[in-house]
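User: I would like to go through this structure step by step. Could we begin with the overall fold and then turn to the details?

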Amino acid sequence: MDLDVFVTAHRAEWDRLDTLLGRQRRLTGAEADELVALYQRTATHLSLIQSSAPDPQLTGRLSQLVARARSAVTGTRRASWRDVTRFLTNGFPAAVYRARHWWVPTALLSTLIAALLGWWIGTHPEVQATIAAPSELRELTRPGGQYETYYSSHPAASFAAQVWTNNAWAAALCLILGVFLGLPVLWILFQNMLNLGVGFGLMSSAGRLDTFLGLILPHGLLELTAVFVAAGTGLRLGWTLIDPGPRTRRSALAEEGRAAIGMAIGLALVLFISGAIEGFVTPSGLPTWARITIGVVAELAFLAYVYVLGGRAARAGDTGDLEAAERSAAVPTAA
C-alpha cells in the first residue's frame, strides 16, 4: 500500500471526523449518522495502516481519533452497584467454573505432592535433621510450641489482615506470572506445598498430626482452594500463549487476561474470608470439631457458589470477561 496516496485519499474524512468530535453543540441527526459512518471507516483505515504500512505518527493520530469517536458513539458509563452484583453472581463464579479443568487437577496433584513430601519428611529422621536441629524441632512440635502459638501470637484482627495480604499477593502473582508460560506459577505452587509438607511431616513424626490438621483445616481448605484456583488460572493463561485456539493470540490473551484480573479481585474476597477464619476461628477456644466444621462449611459454600451460580452463568454464555459493550472495538485486519 502506498501510504502517501492512502493519506491523501482519506485525510478529508479524518479531518471531518475530528471537526464533528470537536463540536460543542449537540449534533443533528444527520451529523450523528455521519459521525458513526466516519468512525467505522477510520477504524478500518487504522487497521489497514497497522497491518500493511505501519507509521508511528499516523497510527498514533488515528488511534486517538478512533478512541474519541468510540467514546462519542457509545457514550460513557459509570460503574454501579449493578456491576458489582453482576460480577459477584455471574462474572467471577463463571470465570472460576470455566477454569475448573485447570485448577481441579492442580489441586489434586498439589495435595498429592504435599502428602508425599510430608510422608517422606515424617518417616526419614535424616531429612528432618536437614531442616533444623533436634532441639528446634522439639520446640516447633511440642504442645504449646511454635506451630500452635503461631496462630495466637498476634491480635486476631492484625493477624487476619497480615494473612490476607500475604495470600492475596501470592494469588495475584500466580495470575500475573502465568503469562510467562506458567513456569513461575509452578515454582510458587511448589513452595506452598513444600511448606505444607514440612509441617505435616514434622508434626506427624511427633505424633501430633491431629493437632496439625485441627489448626490447618479450619482456614486451609478455603485458602488452599483459592491458591489452586489462582495457580490453575495462571497456568491456563500461560497455555493460551502456546495454543490460543481459534482466536488470534492477541485477542485470546486479552480475553483471558481480563478474566484473570477479575479473578484476582474475586479471590481477594475469598482470601479475606479465609484470613478472617484463620485470625478469629483457628486460634479460638472452640473444640477442634467445631473449628473444622466451620472450615468445611466455608469450603462447601464456595464450591456450591462456583458450581451452581458459576455453572449457570457459564452455560448462559458468561466467561468472566467484560460485557461486549465495554470491550475495545474489534476492527477487521488485513490478511
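**Overall fold**

Analyst: Read along the sequence, the protein follows the pattern α-α-α-α-α-α-α-α-α-α-α-α-α. The model is predicted: local features need pLDDT of at least 70, side-chain atom pairs count only at pLDDT 80 or more, and totals for chains, interfaces and linings use all residues. Residues are numbered from 1 along each chain as its sequence is written, and side-chain values use heavy atoms, with hydrogens and water left out.

User: How many helices and strands does the protein have?

Analyst: The protein has 13 helices and 0 strands. Helices (H or I, at least four residues) and strands (E, at least two) are DSSP runs, numbered from the N terminus.

User: Is the protein spread out or compact?

Analyst: The radius of gyration is 27 Å, well over the 20 Å that the globule rule gives for 335 residues, so the protein is more spread out than a compact globule. The radius is taken over C-alpha atoms, and the rule is 2.2 Å times the number of residues to the power 0.38. Along the principal axes, the C-alpha atoms fill a box of roughly 85 × 40 × 35 Å.

User: What percentage of the residues count as buried?

Analyst: Of the 335 residues, 39% count as buried. Buried means under 20% relative accessible area, exposed over 50%, and partly exposed in between (1.4 Å probe, protein chains only).

User: Now the largest nonpolar core: which residues touch the most other members?

Analyst: They are Phe92, Val96, Met263, Leu267 and Phe302, out of 35 residues in that core. The elements giving two or more residues to this core are helix 4 (81–98), helix 5 (100–122), helix 9, helix 10, helix 11, helix 12 (249–281) and helix 13 (288–315). Helix 11 provides the largest share of this core, 9 residues. A nonpolar core is a set of buried Ala, Val, Leu, Ile, Met, Phe, Trp, Tyr and Cys residues joined through side-chain atoms within 4.5 Å.

User: What is valine 96 in contact with?

Analyst: Leaving aside neighbours within four places in sequence, valine 96 is in contact with Trp103, Val229, Met263, Phe302 and Val306. Contact means heavy atoms within 4.5 Å. There is also a second, separate core of 17 residues, which includes Val7, Leu20, Leu35 and Val66.

User: And where is valine 306?

Analyst: Valine 306 is in helix 13 and counts as buried, at 0% relative accessibility. Not counting residues up to four places away in sequence, valine 306 touches Pro93, Val96, Tyr97, Trp103 and Gly311.

User: Changing topic, which residues lie nearest the centre of the second largest pocket?

Analyst: Tyr150, Tyr151, Asn195, Glu223 and Glu278 lie nearest its centre, among 24 lining residues. On a 1 Å grid over the protein atoms alone, a pocket is an open set of points where a 1.4 Å probe fits, with protein on both sides within 12 Å along at least five of seven lines; lining residues have an atom within 4 Å of a point.

User: Which helix gives the most to that lining?

Analyst: Helix 11 does, with 8 residues. Helix 9 (156–177), helix 10 (183–205) and helix 11 (209–242) each supply at least two.

User: Is histidine 219 buried or exposed?

Analyst: Histidine 219 is buried, with a relative accessible area of 3%, and lies in helix 11. Leaving aside neighbours within four places in sequence, histidine 219 is in contact with Tyr151, Ser274, Ile277, Glu278 and Thr282.
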